[in-house]
Amino acid sequence: HLVVDANGMPVRVHVTEGIRADCQEAIHLIGGIAAETLLTDRGHGTNPIISYAAGAGMNVVIPIKRDRRQQRKYGRYLYRLRHLLGNAFLHLKYWRGIATRHAKNTASFLAAVQIRCIAIWCAVSA
């Protein structure tokens, strides 16, 4: 799981087992981050996540699942900026070991992801 800033730079990383749903980790991932907008995909459109983000003063930009009874509006223009998150994953996966998850344990994989995030930040600041 990855949180990026408005420029698409990685800010927070959280590694879980592959079978864990994204929506179960989202509140822990965005907790403590001062953000103006929460921009994510439909998978995070659960009531607890939306209410947490709204309570933290974030503008929630999450498309509505088609099976929801209660529809709400979201900024379609802002949602188009979600490609920044995809770009951050792309830059992380340039390292073959991250893309194929060669690390034997979670700590080693997390260390590789963090090192790659540092490399991304250094490349931009250089």
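User: Happy to look at this predicted model with you. Is Arg-82 buried, partly exposed or exposed, and at what relative accessibility?

Analyst: Let's take Arg-82 by its relative accessibility, which is 29%. Buried would need a value under 20% and exposed a value over 50%. Arg-82 therefore counts as partly exposed, at 29%.

User: Where in the chain is Arg-82, and which residues does Arg-82 touch beyond four places in sequence?

Analyst: Arg-82 sits in the loop between α3 (76-79) and α4 (83-92). Leaving out residues up to four places away, Arg-82 touches Leu-39, Thr-40 and Asp-41.

User: Which side chain of opposite charge is nearest to Arg-116, and how far away is it?

Analyst: Arg-116 belongs to helix α6 (residues 106-125). A salt bridge requires a side-chain nitrogen within 4 Å of a carboxyl oxygen. Arg-116 is buried and has no salt bridge. The nearest side chain of opposite charge lies 15 Å away, and that is Asp-5.

User: Then which residues is Arg-116 in contact with, leaving aside neighbours within four places in sequence?

Analyst: Good follow-up! Contact here means heavy atoms within 4.5 Å. With the sequence neighbours left aside, the partners of Arg-116 are His-91, Leu-92, Tyr-94, Trp-95 and Ile-98.

User: Which elements make up the protein, and in what order do they run?

Analyst: The protein has six helices and four strands. Read from the N terminus on, their order is β-β-α-β-α-β-α-α-α-α.

User: What is the radius of gyration of the protein, and how does it stand against the globule rule?

Analyst: For 126 residues the globule rule gives 14 Å, and the protein comes close to this, so it is as compact as a globular protein of that length. Its C-alpha atoms fill a box of roughly 45 × 35 × 25 Å along the principal axes. The radius of gyration itself is 15 Å.

User: What share of the residues count as buried?

Analyst: The accessible surface comes to about 8400 Å², with 55% belonging to carbon and sulfur atoms. Of the 126 residues, the share that counts as buried is 26%.

Notes:
Residues numbered from 1 in each chain as written. Predicted model: local features only at pLDDT ≥ 70, side-chain atom pairs only at ≥ 80, totals over all residues. Heavy atoms only, no water. Helix = DSSP H or I, 4+ residues; strand = E, 2+ residues; numbered from the N terminus. Buried < 20%, exposed > 50% of the residue type's maximum accessible area, 1.4 Å probe, protein only. Lys, Arg positive; Asp, Glu negative; His and termini not counted. Rg over C-alpha atoms; globule rule 2.2 N^0.38 Å. Areas by Shrake-Rupley, 256 points an atom, 1.4 Å probe, with all protein chains shown as cover.
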